[in-house]
Amino acid sequence: MSRADDASTSARDLYAALGVARDAEADEIKRAYRKLAAALHPDKQPRRRRDRDDDDDDDDDDDAGATEAAQRAFAALSEAYEVLSDADARRTYDAYGMDGVRAGRELGARGKTTEEMRIEYERRRAKETKEAAEARLNHSGTYVFGFSAAHLMEESIARRRAAFTNNPGLDLTSVSLQNSMEIPLSEEDAVYTVTQGTTRGGRGAGNFILGWRRAFSPLTSLDVSAQTGQTSAVTATVTRQLTTHTTGAVSHNYIAQQGFGLQLMLQRQLFAQTRGHLTWNVGPVSSMSTGATHAFGKNAVKCDFSVGVAASGLNGHFIRQMDEKRVYRVGWKLGTAGAELDVGATKQVDEDTALGASIVVSLRGLSLRFRVNRQGQRFVVPILLTPMVTWRKSLLAFTLPPIAIALLRHFVARPIMNRYIRKRQLAAREKNKRTILVAMREAHSATKMIAETADKKARAARERGGLVIESAVFGAPDAPKPAASPPPYVDVTRALQFMVDNDTLDLYENVAMCDLLGFCDPCPGEDKHLRVRYRYRRALHEVTVKADAMVSLPSADHRLPEKLQTIDPRV
């Protein structure tokens, strides 16, 4: 087997190959295998009818290709059944995938017991993880650039500013930077560094932190760090999982010119969706804080209360998940250090990038804050609009910027982003063109093998008014089709009809649709959907679901409105 075949086999979902759920019982797996084996066995594939007077060379080639496709499909089916029907192999596959199963076979061939194979494989995985960790640096950073636009909003500020500069742009008022880098030494040990720097009004300060973190067990860890710069300190923290729902931490520190300190922390899962915490800072500056976080549906709320020598107050936030990409947030602070209200939203542009904006009202004034998160790097740009807060200015701040942002997003950002995404998709399709064509040919070959059975099922179901798949496509059916590339979707009408059993069809969650019989991945790296139009009791139904989502047919929720219903012309 080639390296490419190995990679393909490793990535294949064996549950999808059999069309069963991940928690399927042994009897279900056996029934699914027998059903598919009866359709895919090479000896049961129909041969072409040949006219003796015609040249049979093309027919021979077609038969040879069909036989080879049937052999590949049956081999993949047999391998899936061999693994999933064996309890030990199935457990290994669920935990480690096909690579783990192959490793177990290699060790088993040398006469080792199951326990010895498990230990040997764990040792291999630990070695591979260590090697990967040594080559990986976890880097993150936060960069805050503060600007002021107050001279554009307030005439009095503009007059005072004119004595120093006539620059019509924004004023840079502050810069704050923080970078952290973690270097894994092993599965248990890691060292990390943190650099901090800030400047404001021509004055700056910074710190450098060097730390070591060790996990003694899944329940206990130790963190030791030393800090130098504006403040010199040494800190040691021990964290322990006390019970299933409770975690505790004790932190000892020494701060130059202040002395020794002690901090006690406790976190507990109060309810299924509620988590609380209690922190007591014994010294050198005493304080105590407590609070809780509660999630309900698409919402989450957090509230903390603190009392201390330096400051006391109440702070928290409310978050609403509007959809998979948009989050709205309202944050608040009220205490001896001042008051603040932060209202904004964040959108996930892609898997690596998120953009956000918010309006902040505080005793310092009205501000507009922009945020960009990209692969662990966070950029924040607060812009002071005016230091003088009135209800009129607050109303304008909460209405005009959101309207402007919405217009920019709709007429500028979205078209640019769509063109960028489209360009990436086309480039990916062109790069994977050959792989996609091969996958489509294999899917087409598999569909031909089950076509006779699927068509027979469809005719019988149509006569009795059962479940008939009228049309079904998998991929990105709404995406434009490039002229020189294969379509970004594959027809799976017959594949789904073949899966229908007793006028029902169930596709299970987290079972890769790409690996179902007659399916393939027609657009790697893109969001894929399954769109099905079917008849049940002669009425038209339609449903579109995301790839790998659960769907059950028929369902009354899928029924089309009466004005869209048509009479089946084939009845």
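These legends walk through several close-up views of a predicted model of one protein chain. Residues are numbered from 1 along each chain as its sequence is written, and side-chain values use heavy atoms, with hydrogens and water left out. In this predicted model, local features need pLDDT of at least 70 and side-chain atom pairs count only at pLDDT 80 or more, while totals for chains, interfaces and linings use all residues.

**View 1. The whole chain, to get your bearings.** The protein chain has eleven helices and 23 strands; helices (H or I, at least four residues) and strands (E, at least two) are DSSP runs, numbered from the N terminus. Of its 571 residues, 32% count as buried, where buried means under 20% relative accessible area, exposed over 50%, and partly exposed in between (1.4 Å probe, protein chains only). The accessible surface of the chain comes to about 34800 Å², and 55% of that belongs to carbon and sulfur atoms. Such areas come from the Shrake-Rupley method with a 1.4 Å probe; for residues, only the protein chains shown count as cover.

**View 2. Two stretches to read with care.** The mean pLDDT of the protein chain is 85, and 87% of its residues reach 70 or more; pLDDT is the predictor's confidence in each residue, from 0 to 100. Over residues 48-55 the pLDDT is below 50, and beyond near neighbours in sequence this stretch has eight contacts in the model. Residues 107-111 also have pLDDT below 50, with seven contacts beyond near neighbours in sequence. Contact here means heavy atoms within 4.5 Å. Where pLDDT is low, the predicted coordinates should not be read in detail.

**View 3. Glutamine 196 and its surroundings.** Look for glutamine 196 in strand E3 (residues 189-200). With a relative accessible area of 28%, glutamine 196 is partly exposed. Setting aside neighbours within four places in sequence, its contacts are Leu177, Gln178, Ala205, Gly206, Asn207 and Ile209. The side chains of glutamine 196 and glutamine 178 make a polar contact (3.3 Å). A polar contact is a pair of N or O atoms within 3.5 Å; within protein, one must be able to donate a hydrogen and the other to accept it, and residues adjacent in sequence count only if both atoms are side-chain atoms.

**View 4. A nonpolar patch on the surface.** Leu242, Leu266, Leu278, Trp280, Val282 and Met288 form this patch, with about 520 Å² of accessible area together. Patches are made of residues with over 30% relative accessible area and no salt bridge: like charges are joined within 9 Å, nonpolar side chains (Val, Leu, Ile, Met, Phe, Trp, Tyr) within 5 Å. A salt bridge is a side-chain nitrogen of Lys or Arg within 4 Å of a carboxyl oxygen of Asp or Glu. Strand E9 (residues 274-283) gives the largest share, three residues. Leucine 242 lies in the loop between strand E6 (233-241) and strand E7 (246-255), and is partly exposed at 48% relative accessible area.

**View 5. Backbone details worth a second look.** Most residues other than glycine have a negative phi, and most peptide bonds are trans. Aspartate 503, in the loop between helix H11 (493-499) and strand E20 (505-507), has a positive phi near 60 degrees and counts as buried at 18% relative accessibility. Asparagine 510, in the loop between E20 and strand E21 (529-536), has a positive phi near 65 degrees and counts as exposed at 52%. A cis peptide bond joins leucine 553 and proline 554, with omega about 0 degrees; proline 554 lies in the segment after strand E23 (551-553).
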